[in-house]
Amino acid sequence: MNTKLKAVVVGAGWSAEGHTKAFQHYGVEVLAICARKPDIVQKVADGLGVPDASTDWRKSLLEHKPDIVAVTTPAILRTEVIEVAVELGCHIICEKPLALSAEDAGHIRNLIKDTNLKHAFAATHCYDPSVAYVQELLTQQKVIGDITAVDVGYTRRISGPPSDKIKPWNWMSSLAHGGGALNNGLTHRLGMLERMTGMKVSAAVGEAKIHPRKAPVVPEIRDWRVWRSTMITHEEASKLEWRECDAEWDYSAFFKLGYPNPDSGNSILVTMRTNPGVPSHKPHGGWFFYGTQGTLVGRGGHILYQITKHVGEETEELSVPQELQDDLPQIGDEIQNKWTALVRDFLADIQDQPHEPYLTFHDGWRYQIAIDAIRASKGWATMLD
């Protein structure tokens, strides 16, 4: 991509690295990476070849006046960054969740909706090639006719029974940091659901459960990639500080899903649940799309590694076409490649070039309405204007 765009990345974690690499892959000059701890931001900036390792994001934005700002900070710190970026006329890409509440997300959405600025919401598993294939099967080939219902279930073992090792505290244990299954898993799944069906979620209801309530803190573990493979013994945990956890790992929800055009038919019901407390050592789950002419099943959570069509007693295994796999940029692991796909479409939009639709702050606000409704468990909440 021939571009002279310039960017500043606010945050220095995994997603900051991901957005930086994606920008650089398409020729965007990343002028600065910003974070609070000098040693960490310097290490990240040096590793990515970024000239300015800044501990003052505001100063960096004012000095560099970038075309694009990537916001990858903890959720509690994002609103002020976005406010300044909008004032400076920057296009913005923001990690999930957009904010800590639907009210705050609505404020962010209102800041930018009447401007000409581009804004992207980084729930990127909707870029998985399996998602693109299911979209083709459901909306173009209509292999199961009209969709009548959707059921999504996902189970994953986070920690073992009391006699086993313990998972330490991490930012995923804290809502202020943007943690929890709703802020993370649900935002991805709603993006996937809407892309696969070509419909929009219009309302949500459900409940969420917080567990564990406390976890031991291992100070040297800051990177989620390290945390996800780390378990400690009860003896090790007894010697550490324990911190409160207020983020959910378990939720059950219902959604109303329909076409944007109200004349296109009634909404259908979607059930979605996640339960990390099962005795399993591998992630598993599935997407079940029920239609007037059969059922389409995708096994997996964020990657549908096995897709089958069921019509009566007949079952047909379907493989993701190679051209859809080739459409995903290949510059790193599957997470990096999906960040890169979003940046590809985002940059093309900025430069007024053809591109696929991508999630925006409007979607981040809508998804936050669903998250708030499930946490509150007080009845249906409407997610559309």
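Here is a short tour, stop by stop.

This is a predicted model, where local features need pLDDT of at least 70, side-chain atom pairs count only at pLDDT 80 or more, and totals for chains, interfaces and linings use all residues. Residues are numbered from 1 along each chain as its sequence is written, and side-chain values use heavy atoms, leaving out hydrogens and water.

**Stop one: cis bonds.** Select Lys96 and Pro97: the peptide bond from Lys96 to Pro97 is cis, with omega near -10°. Then jump to His211 and Pro212, where the peptide bond is also cis, with omega near -5°. Keep in mind that most peptide bonds are trans.

Pick Asp352, which isn't a glycine but has a positive phi of about 60°. Asp352 counts as exposed, at 72% relative accessibility (buried is under 20% relative accessible area, exposed over 50%, partly exposed in between, with a 1.4 Å probe and protein chains only).

**Stop three: a loop residue.** Now click Ile76, in the loop between β4 (68-71) and α4 (78-87); helices (H or I, at least four residues) and strands (E, at least two) are DSSP runs, numbered from the N terminus. Is Ile76 buried or exposed? Ile76 is exposed, with a relative accessible area of 51%.
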